[in-house]
Amino acid sequence: MKETAAKRRDKAGGRERDSKAEKDSKAPAPEPQDVEMPEEDSANAAKQPREQDSTTLEDIKEHVKQIEKAVSGKEPRFVLRALRALPSTSRRLNTNVVHKAICGFFTNNAATREFLLGFLEEPMEMADGDVQFRPRMGKAASAALLPEVEAYLQLLIVVHLTNNKRYTEAQKVSDDLMQKIGSKNRRALDLVAAKCYYYHARVYEFLNQFDTIRSFLHTRLRTATLRHDADGQAVLLNLLLRNYLHFNLYDQAEKLVSKSVFPELANNNEWARYLYYTGRIKAIQLEYSEARRTLTNALRKAPQHTAVGFKQTVHKLLIVVELLLGEIPDRLQFRQPSLKRSLMPYFLLTQAVRTGNLAKFNQVLEQFGEKFQTDGTYTLIIRLRHNVIKTGVRMISLSYSRISLADIAQKLQLDSPEDAEFIVAKAIRDGVIEASINHEKGFVQSKETMDIYGTREPQLAFHQRISFCLDIHNMSVKAMRFPPKAYNKDLESAEERREREQQDLEFAKEMAEDDDDGFP
């Protein structure tokens, strides 16, 4: 049996080897692979930018239609749609797109067209497959452009020149745009004008001439306030605050905030900027509780998935303010992927403050001092030295019921026991610790810890939470939007009312006739 089984396996193996040999002999030779020609590569590479340019031009055409629709129907929300897509459109702008857009829309005003084309480079020659961009044909080509459309198209040139870092040319185009906007008094132009103010200020900031437009911004703010232009007021107020804070003019910024009222109808982005600037002013003026409230609201108003740089800046200032308040920020803030790298110096700073380690605090300050100055938080961080010492005193008070002033000076790395005595006395006066100093024998005696629920702290904590919930409710109610003329949707018109009254009269007559028939 064993021999027969072995013979069967040998025969099967032989058949498999024969079949494999036959397959190998019948297998076709490898075919030569197709190699794409360089001409085809260049044609495909040139086709993709052309398709992207045509898509961008169609988007600009659609945005112009939205603006025209908003002007004719007096609905500003259509202008908002066009302006909301401006960041994505600006990333796809190039010389070819802007040149075609200017030539396609400015068919009636040759002087403006030539003026704007003078700031653009000569586009590449049109390829065979290119289609000429003609958004205005027939009678529309001879009609004048709306001021809103003209301002939007000129704004695209300012954005394009700014993105290419051609700030001097962008300044000339923006100055001309400001003169055109200032000569018009149209409510439909307010939203476009607000965006133009923002980029106008950015161009001057890039040119290090930010202080030269301060009087211009004040003039436009006064005009926007008189015209009840909420969007213009919000943008101009934020630009003025940014201008003052850029030059460390905190007193003037505080006067501007106290003398003006930020419009409640402003969008969330402008609200977030305003709350951040207000938080910076309050933090410098030692109003840390108010600064924390405004900075927290700024984070809530900021976009959830974008504006990463803005949220990083707000988090940096908020962490320093919380440390100045004697609180330790939540560790989850430092673990967010978008914030982890930028907040690393502030994480080390928080560790030094939390442990009350003055040596580590000085080390972090020396290592990241330039970064703190760039972030604009260095002045506030210098104030944290007293908080580090207070934290160290508090930890010593909790650890020791009785300790000498010399040991406190050694642990806090102070120069002498006299310095430790002054610091401990100030901590006792500020309510940081519950202790008493024996000046004759030179030691600090800690008192027994009292019940926190016997104080007002729980009541203040509940009051803070209730106020926060009420503020969110009020903001949610104010942010609700309803369709236009929705208040009278369920009300009947005059014709429907007459028809209903007629039906009631006929029904009453029928009822009267039925009653007459029932009584002979």
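Is tyrosine 199 buried or exposed, and what is its relative accessibility? Tyrosine 199 comes out as buried, because its relative accessibility is 17%, and buried here means under 20% relative accessible area, with exposed over 50% and partly exposed in between (1.4 Å probe, protein chains only). Keep in mind that this is a predicted model, where local features need pLDDT of at least 70, side-chain atom pairs count only at pLDDT 80 or more, and totals for chains, interfaces and linings use all residues. Residues are numbered from 1 along each chain as its sequence is written, and side-chain values use heavy atoms, with hydrogens and water left out.

Now for the rings. Searching the whole structure turns up twelve aromatic pairs, where rings of Phe, Tyr and Trp (its six-membered ring) pair if their centres lie within 6.5 Å; planes under 30 degrees apart are stacked, over 60 edge-to-face, and the rest tilted. One of them joins tyrosine 198 to tyrosine 199, edge-to-face, at 5.3 Å centre to centre with 85° between the planes. Tyrosine 198 is partly exposed, since its relative accessibility is 27%.

Tyrosine 346 and phenylalanine 372 also pair edge-to-face, at 5.2 Å and 65°. This pair bridges distant parts of the chain, 26 residues apart: tyrosine 346 sits in helix H17 (residues 344–355) and phenylalanine 372 in helix H19 (residues 369–375). Helices are DSSP runs (H or I, at least four residues), numbered from the N terminus. Tyrosine 346 is buried at 0%, and phenylalanine 372 is buried at 0% too.

Elsewhere, ring pairs tie Phe262, Trp271 and Tyr274 into a cluster. Finally, arginine 465 places its charged end over the ring of phenylalanine 462, 5.9 Å from the centre; that label requires NZ of Lys or CZ of Arg within 6 Å of the ring centre and within 35 degrees of the ring normal.

Notes:
Helices (H or I, at least four residues) and strands (E, at least two) are DSSP runs, numbered from the N terminus.
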